Amino acid sequence: MDTSLLSKRVKVMPESATLQMAQMARDLKEQGKDVINMSLGEPDFGTPEDIKDAAKKALDDGYTKYTPVPGLPLLREAIVNKLKRDNNLDYNINQIVVTNGAKQAIANVCLAMLDPGDEVVLFAPYWVSYDSIIKIADGVPVEVYAGIEQDFKVNARQLRDAITDKTKLILFSSPSNPTGSVYTYEEYEELAKVLKDFPNVHIISDEIYEYINFSANHTSLASFDFLKDRVIIINGMSKGFAMTGWRIGYMAANEAIAKSCVKIQGQFTSAANSISQVAAAYALDHGIYPEMSEKFNARRKVFIKLLKEIPGFKVNEPLGAFYLFPDISYYFGKSNGVDTITDSVSFAEILLKNALVATVPGKPFGAPDCLRFSYATSIEIIEEAASRVKTCLKEFNIKKL
Ligand SMILES: Cc1ncc(COP(=O)(O)O)c(C=O)c1O
């Protein structure tokens with residue numbers, strides 16, 4: 001086919017960096033190489049048995065038909081109850097929309113709210129899909145970068161400086177993908193004070209890693225009363241319940257936004273999978289599965305220690321999700337005599353080729369000096385990966401270009 005016939009929209013869209021690295025890792029594996037894959041953004045655990053049983057029962061109970069576009073009332077009620085129980089937030093079921101993964105919820109909101117040229121303040125480093133979703137919706141991402149020295153968290157001054165007359169939305173995640181950083185109540189308070197001065201700006205708060213949070217608590221920006229009506233909470237089952245393949249996300253927003261998202265979703269995909277919805281309602285009613293989070297925390301501690309031992313790596317201590325995002329720029333321009341590391345992309349490629357460890361370069365996350373490691377794998381594998389990376393980089397430490 002003549003690919004010039006494809007839309008401009010798709011031509012400018014980058015391939016997903018995460019999926020690209022995962023594919024390269026799979027190709028090497030197929031060649032018989034012992035690749036350690038730290039590029040993936042999903043828990044290594046299977047879905048808990050009781051949630052699977054709830055899905056089996058849903059099938060037997062006949063949940064095989066289209067559901068209402070915003071989701072089954074029983075699931076939306078479970079979400080309302082969860083928001084009250086875990087976040088002390090009051091919503092009614094008309095404010096809840098169940099989506100095909102949290103990703104669709106973000107896309108719904110962007111499509112519902114953005115006109116061409118509208119700006120979206122994007123906290124960088126950001127999850128790769130945010131940038132593409134904003135552009136598909138004809139919005140203009142305006143990146144605000146927070147580096148490792150500020151724990152990858154945007155401060156009040158930076159936020160104020162980024163907002164213009166064209167700003168329609170703010171978009172960020174906490175706990176964050178790719179950095180694992182978690183905003184504290186006090187940090188949110190500062191940001192909330194700024195947002196008070198911009199009553200037309202709405203905030204997409206992606207809280208999908210809520211349950212993988214090793215600090216004492218999770219705060220939502222929606223808990224500031226004067227902001228609640230302008231905050232769109234995004235959440236879902238993929239990360240905290242190890243349900244990536246079930247494709248259930250949800251959003252909580254004011255009724256006008258929720259209704260407009262239902263309108264969009266009704267034309268694109270209709271409702272999410274009926275069986276998954278019933279299982280999700282069961283899981284949310286059951287509450288957190290702390291075993292997973294405890295395991296992630298143990299792995300996190302080990303991996304932070306090991307990465308800190310690698311010369312040239314700048315490593316912070318994030319309190320959420322299952323990623324570490326070291327600054328690896330020390331190695332730019334260094335060679336082992338065969339390969340030269342020029343940027344985060346070549347760094348990731350060389351690590352994959354020479355150490356057989358798959359990671360994701362920071363560039364597509366808006367952080368060209370960093371590299372994302374996912375530690376959603378066993379401690380044994382984490383130790384092996386860190387040892388391979390260290391050995392591989394030793395050669396680059398000695399010989400300069
Ligand atoms: C920050 C963030 N938001 C949303 C998603 C999408 O999750 P879902 O599987 O529910 O579409 C991901 C998945 O990687 C993510 O990291």
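User: What makes the second largest cavity a cavity rather than a pocket?

Analyst: This is a predicted model, and the label comes down to escape: a cavity is a set of points where a 1.4 Å probe fits but cannot get out, whereas a pocket is an open set. The second largest cavity has a volume of about 50 Å³. The search of the whole structure kept cavities of 30 Å³ or more, and it turned up 2.

User: Which residues line the second largest cavity, and how do they divide by class?

Analyst: Ile208, Glu210, Tyr211, Asn235, Gly236, Met237, Gly240, Phe241, Tyr250 and Leu284 make up the lining. By class that gives 6 nonpolar, 3 polar and 1 charged. Glu210 is in that lining, and Glu counts as charged, while Gly counts as polar and Tyr as nonpolar.

User: How big is the largest cavity, and what sits closest to its centre?

Analyst: Its volume is about 90 Å³. The lining has 14 residues, with Phe123, Pro125, Phe172, Ser173 and Ser176 closest to the centre. Strands β3 (119–124) and β5 (167–173) are the elements that each give two or more residues to it. By class, this lining has 10 nonpolar, 4 polar and no charged residues.

User: Pro125 came up there. Is its peptide bond from Ala124 cis or trans, and how do you know?

Analyst: That bond is cis, with omega near 0°. Pro125 itself sits in the loop between β3 and α6. There's another one: from Ser174 to Pro175 the peptide bond is also cis, with omega near -10°. Pro175 lies in the loop between β5 and α8 (185–196).

User: Why point those out?

Analyst: Because most peptide bonds are trans.

User: What makes Asp138 worth a look?

Analyst: Its phi is positive, about 70°, although Asp138 isn't a glycine. You'll find Asp138 in the loop between α6 and β4 (140–145).

User: Why is the largest pocket called a pocket, and how much space lies in it?

Analyst: It's called a pocket because the set of points is open, with protein on both sides within 12 Å along at least five of seven lines. About 930 Å³ of space lies in it. The lining runs to 39 residues, and Ser16, Lys103, Trp127, Val128 and Ser129 are nearest the centre.

User: Which helix gives the largest share of that pocket's lining?

Analyst: That's α6, with 7 residues. Helices α2, α5 (101–113) and α6 (128–136) each supply at least two.

Definitions and conventions
Residues are numbered from 1 along each chain as its sequence is written. This is a predicted model: local features need pLDDT of at least 70, side-chain atom pairs count only at pLDDT 80 or more; totals for chains, interfaces and linings use all residues. Side-chain values use heavy atoms; hydrogens and water are left out. On a 1 Å grid over the protein atoms alone, a cavity is a set of points where a 1.4 Å probe fits but cannot get out, and a pocket is an open set with protein on both sides within 12 Å along at least five of seven lines; lining residues have an atom within 4 Å of a point. Grid points are joined across faces, edges and corners, and a volume is the space filled by probe spheres set on the points. Helices (H or I, at least four residues) and strands (E, at least two) are DSSP runs, numbered from the N terminus.
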